[in-house]
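Biologist: Could you take a close look at one spot in the backbone for me, and then walk me on from there?

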Amino acid sequence: MRRLAWLLAFAGVAFGQIRFEEIAREAGVEFVLRNGERGRFRQVELMVAGVAVFDYNNDGCLDIYFTNGGALPSLRKTGPEYYNRLYEGDCRLHFTDVTEKAGVAGEGYSMAVATADYDNDGDEDIYVAGVNRNILYRNNGDGTFTDVTKAVGLTGIDPKYGKMWAISAGWFDYDNDGWLDLFISNYIVWDPRTEPRCGTPEVPLYCHPDNYHGLPDQLFRNKGDGTFEDVTYSSGIGEHIGKGMGVAFGDFNRDGRQDVFVANDSVRSFLFENTGKGTFREVGLEYGVALREDGAAIAGMGADTRDYDNDGLPDIFLTGMINDTFLLFRNLGPGLPFADASIPSGIAVATRQYTAWSTGLYDFDNDGWKDIFCAASHFPNLGHYLRTDSRLPNLLLQNREGKRFEDVSTRAGPEFQERAFHHGAAFGDLDNDGRIDVVVSVVNGPAKIFHNITESANHWIAFDLEGRRANRQGLGAEITIRLPDGSRQMNHVQTSVGYASSSQARVHFGLGAAERVEEVEVRWPGGKIQRLSGLEADRVVTVKEPE
Amino acid sequence: MLLLVLLLFWAQAIDIATADRLFNQGRYEAALEAYQQHLKRLPDEPALLLRIGFCQYSLDQFDKAEATFRRVLSLAPGMPQAQVGLGSVLTAAGRAEEAIPLLEEAVKKLDGDVQARRALGRAYLEAGKFIEGEETLRALVEENPRDWQSWFYLGVLLFDQNYSAPALEALEKSLALHPDNPIALVYRAGALSQLGRLDEAEKEFRRLAANAAVNRSSEYFLGYGQLLFLKGDYAGALAKFEAAIERDPDSAKLHYWRARSLFYLKRIDEALEAAEKCVALAPNMPGGRNLLLRLYRLKGMEKEAAEQAAWLRAHEHKVAIGRGR
């Protein structure tokens with residue numbers, strides 16, 4: 001490995017530098033996310049759409065599901081070009097389109113995807129959220145899915161607002177009963193017949209969200225019998241009108257219950273604190289995560305909630321629009337407001353000129369510190385005023401020991417520099433080589449698969465959880481590892497990551513030079529602690545919850 | 001300048017060439033005195049009053065200028081040059097919304113006169129009408145790339161909207177044509193800072209420290225302090241904000257930045273005091289409230305924190321959730 005490092009350095013490639021190659025076409029993925037735009041600048045066009053990486057057929061290889069738009073103004077999938085697409089992976093970076101066979105082409109104008117095993121039957125199901133139309137596809141376990149939306153009570157129709165426009169959705173177990181519940185973030189009241197016009201006739205623009213009424217988010221409790229109960233209002237979630245974008249979960253106040261963070265567009269973000277009594281309190285302002293420190297509500301987009309500084313507490317990162325600066329909130333512990341670490345970490349300066357949508361905190365170079373990927377692009381036509389191209393290359397921020405982030409995008413490989421309207425992004429290890437890859441959807445352009453080809457001597461370990469009393473995938477569980485040098489890392493199991501997207505549930509840790517993990521502590525949802533010790537590096541460990 | 005040429009049409013019969021020369025030389029006080037001599041002879045002559053109005057405007061005598069231009073318009077209703085004058089005065093006096101209809105009308109009547117359009121562009125800038133301002137000013141600089149004033153206004157407009165890269169480009173074009181505009185230099189340094197070119201921005205601020213035209217203004221110290229804050233030099237930033245406060249003690253924005261620096265320096269009690277001062281000076285400033293909320297929570301003052309949170313929620317409901325809600 002040392003020789004390889006020397007050779008790479010000689011070839012001008014920095015050893016340890018995070019690098020990706022873009023392989024979508026050769027991998028057999030030729031998906032184009034189509035927003036149906038016809039020059040009318042309708043708001044829905046701007047917001048598409050998410051992507052998921054998950055293992056739908058339990059073969060140990062990650063598959064990809066893309067959501068897609070539809071024709072406008074009908075909001076219909078009038079042809080195959082608007083189908084959502086499922087690609088089956090073979091662990092060797094080759095994918096086969098199995099959409100029709102699986103029966104998951106979708107209906108309507110889709111936005112988000114949330115994958116998880118909601119019925120604890122051992123295979124992952126798909127929830128598609130969109131404009132006035134949400135769909136739950138139950139995995140039949142034989143390579144096909146069944147639309148069970150109405151039967152289980154997940155149409156998403158609100159008693160007050162009717163059909164709503166969902167942007168993101170996520171699975172989590174808020175009541176720790178072992179059954180995954182569903183949270184949906186909704187955006188604005190929108191009707192193509194009353195769409196306002198903004199900008200000028202020469203330079204039309206998508207309207208600012210201030211031109212529209214906001215909507216409440218929704219919460220559906222899994223009753224454990226295959227059906228769901230709408231608890232949006234009884235839980236207190238429905239009291240709060242926002243303009244919901246990305247959703248991420250975490251036990252921010254360390255009480256053993258999952259809380260919810262929602263990035264809102266140009267109004268304050270929400271932090272829903274789980275009271276443990278079936279209700280939530282919205283405490284974003286009190287915890288200092290609702291606004292940028294100067295009191296501005298940013299155009300929040302994607303969010304992820306992981307421990308970036310290895311202090312054992314989940315932090316919050318969210319993307320925004322140019323000049324917002326993306327926000328990094330550091331969790332200082334139970335009861336205390338988060339610290340806005342955007343400026344001290346270098347995030348503010350690094351992101352000020354970017355607009356980004358989906359995002360994720362993953363350790364791409366396995367050095368033990370989680371880095372940040374952002375799927376970036378400005379709004380179409382904004383480039384007229386910026387005097388630049390609205391398409392952007394993606395943004396990669398390398399974590400410098402939990403203190404600062406450095407923009408290393410320009411060194412991440414030639415394909416990484418290519419501009420596009422990047423929106424959705426999902427994360428997972430597509431070839432099981434211990435390096436996290438990224439799948440990105442592109443508005444009106446071919447999707448991208450960024451295969452992680454980072455060269456380093458660093459080691460890694462990953463965990464697949466299997467719950468018994470807890471939900472089958474262990475969503476919400478926290479895993480803390482201790483390395484031989486005494487250092488610790490914490491991460492948690494969640495699939496709701498970024499913007500409208502869903503990522504692999506497997507929990508991945510970079511170990512740096514450590515070849516083994518001294519101790520692993522799994523805190524299952526509900527509080528049960530499980531410990532393992534003396535695990536060798538560079539492998540995936542399946543942890544089953546004790547009876 | 002062009003406006004004065006146009007004005008000659010209105011004052012053909014008056015021998016005011018000497019006063020006009022003084023005006024064109026930028027000797028506004030002397031020009032004003034000369035025009036006022038003629039006024040004794042022609043007290044109701046619109047063209048003469050118009051000249052007086054522009055002198056007063058150039059001398060920052062906005063109240064007097066407004067009264068003069070209004071008098072012209074009462075004598076010659078709809079006179080477009082007077083509309084330009086009144087619109088410019090209103091813009092300078094912070095009443096750009098009132099100025100815009102006047103200036104839009106004048107631009108139509110004057111068939112696209114450059115000075116009228118520039119005045120309108122500036123009014124859009126001051127009123128926060130970005131799209132209209134950008135369109136107006138961009139057209140002016142495309143027609144005449146040597147129009148340093150329009151480049152300057154365009155730069156400020158873009159800077160205010162946080163379009164930092166094109167703002168920098170516009171400001172640099174303006175400065176290349178007219179290097180002695182200290183305000184453009186401060187904006188340029190600010191744009192560099194926004195673009196993350198922090199070292200270059202700091203170099204500019206240091207250079208400006210020797211420029212007597214700007215180095216005593218609170219804006220200079222505010223911009224410099226914000227740059228140092230972004231660089232993580234919170235103590236250096238605090239010193240700049242305190243220097244700014246010495247010059248402008250009742251600026252809520254300056255007290256906010258002082259409070260924020262103290263907070264980052266972990267001088268919590270002093271930060272709390274400064275944040276309270278900020279909110280007392282500007283009760284409607286969300287940044288002050290948000291910082292105060294954080295500080296109250298850190299001090300365990302939950303009741304006070306809850307009051308700030310309630311204010312911020314109510315404020316947002318008023319301004320942002322959606323029209324008509």
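**A closer look at one loop**

Modeller: Let's start with Arg254(A), which sits in the loop between strand E18 (244-250) and strand E19 (259-264) of chain A. Helices (H or I, at least four residues) and strands (E, at least two) are DSSP runs, numbered from the N terminus. This is a predicted model, where local features need pLDDT of at least 70 and side-chain atom pairs count only at pLDDT 80 or more, while totals for chains, interfaces and linings use all residues. Residues are numbered from 1 along each chain as its sequence is written, and chains are lettered from A and ligands numbered from 1 in the order in which they are written.

With 14 other C-beta atoms within 10 Å, Arg254(A) is partly exposed. That label goes between buried (20 or more other C-beta atoms within 10 Å of the residue's own) and exposed (12 or fewer), with C-beta atoms placed from the backbone.

Asn323(A) is another non-glycine with a positive phi, near 75°. You'll find Asn323(A) in the loop between strand E23 (316-318) and strand E24 (327-330) of chain A. Asn323(A) is partly exposed too, with 18 C-beta neighbours inside 10 Å.

While we're on the backbone, look for cis peptide bonds. One runs from Val48(A) to Ala49(A), with omega near -15°, and Ala49(A) lies in the loop between helix H2 (43-47) and strand E2 (51-54) of chain A. Another cis bond joins Leu72(A) to Pro73(A), with omega near 5°; Pro73(A) is in the loop between strand E3 (63-66) and strand E4 (85-89) of chain A.

Next, hop over to chain B and find helix H13 (residues 198-208), whose buried residues are Ala201(B), Glu202(B), Glu204(B), Phe205(B) and Leu208(B). Looking down the axis of H13(B), these buried residues fall within an arc of 160°, so they line one face of the helix. The arc here is that of the directions from the helix axis to the C-beta atoms. An α-helix has 3.6 residues a turn, so residues three or four places apart point the same way. The buried residues of H13(B) pack against helix H12 (182-194) and helix H14 (218-230) of chain B, going by contacts, meaning C-beta atoms placed from the backbone that lie within 7 Å. On the face turned away from that buried side, H13(B) carries the exposed residues Asp199(B), Arg206(B) and Arg207(B).

Methods:
Contact = placed C-beta atoms within 7 Å.
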